[in-house]
Amino acid sequence: QLQLVESGGGLVQPGGSLRLSCTASGFTLDDYAIGWFRQAPGKEREGVSCISSRGSTNYADSVKGRFTISRDDAKNTVSLQMNSLKPEDTAVYYCAARSLLCTTNRAPKTFNSWGQGTQVTVSS
């Protein structure tokens, strides 16, 4: 079964940190680019970050310098380290896969094999 599962979400205060993980089953991630996306209530899904099959990365301007994406192909996992979290980061976070390369704008429509999401809430 081709499946992605997100984990690591939760409640955190502004300025805090969380680490999200995206783990694949049914296929290996080493030939795929993996993107992290988020969607808040009433808003469209937006691309946060992407890492290509070779490890190149890109980030949305809103998270650049605060979030770091990485991959561990031996564990079939892609992670998103989120630091200096803001209330505006509150959303359901999803990971998704596409072939080999990231797109420059991480358009959700270009990604496949979506996970079910994990809730991140940043609040005092």
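Which hand does the link of Cys50 and Cys102 have, left-handed or right-handed, about the S-S bond? The exercises below lead up to this and other points.

This is a predicted model, in which local features need pLDDT of at least 70, side-chain atom pairs count only at pLDDT 80 or more, and totals for chains, interfaces and linings use all residues. Residues are numbered from 1 along each chain as its sequence is written, and side-chain values use heavy atoms, with hydrogens and water left out.

**Exercise 1. Describe the disulfide of Cys50 and Cys102.**

Step 1. A disulfide is a pair of cysteine sulfur atoms within 2.5 Å. The sulfur atoms of Cys50 and Cys102 are 2.0 Å apart, and the two residues form a disulfide.

Step 2. The angle about the S-S bond is -90°, and the link of Cys50 and Cys102 is left-handed. This answers the opening question.

Step 3. Cys50 belongs to strand S5, while Cys102 sits in the loop between S9 and strand S10 (118-122); the pair links distant parts of the chain, 52 residues apart. Strands are DSSP runs (E, at least two residues), numbered from the N terminus.

Step 4. Buried means under 20% relative accessible area, exposed over 50%, and partly exposed in between (1.4 Å probe, protein chains only). Cys50 counts as buried because its relative accessibility is 0%. Cys102 has a relative accessible area of 21%, so Cys102 is partly exposed.

**Exercise 2. Examine the salt bridges, including that of Asp89 and Arg66.**

Step 1. A salt bridge is a side-chain nitrogen of Lys or Arg within 4 Å of a carboxyl oxygen of Asp or Glu. By this rule the count is five.

Step 2. Asp89 and Arg66 meet through their side chains in one of these, at 2.8 Å from N to O. The pair links distant parts of the chain, 23 residues apart: Asp89 is in the loop between strand S8 (77-82) and strand S9 (91-99), and Arg66 is in the loop between strand S6 (57-59) and strand S7 (67-72). Both Asp89 and Arg66 are buried.

Step 3. Lys64 forms a salt bridge with Asp61, with the closest N and O atoms 3.3 Å apart. Lys64 counts as exposed because its relative accessibility is 51%. Asp61 counts as exposed because its relative accessibility is 66%.

Step 4. Arg71 forms a salt bridge with Asp73, where the closest N and O atoms are 2.9 Å apart. Salt bridges that share partners join Arg38, Glu46, Arg66 and Asp89 into one network.

**Exercise 3. Locate Glu46 and name its contacts.**

Step 1. Glu46 is placed in strand S5 (residues 46-51). Glu46 counts as partly exposed because its relative accessibility is 35%.

Step 2. Contact means heavy atoms within 4.5 Å. Leaving out residues up to four places away in sequence, Glu46 touches Trp36, Phe37 and Arg38.

Terms used
Helices (H or I, at least four residues) and strands (E, at least two) are DSSP runs, numbered from the N terminus.
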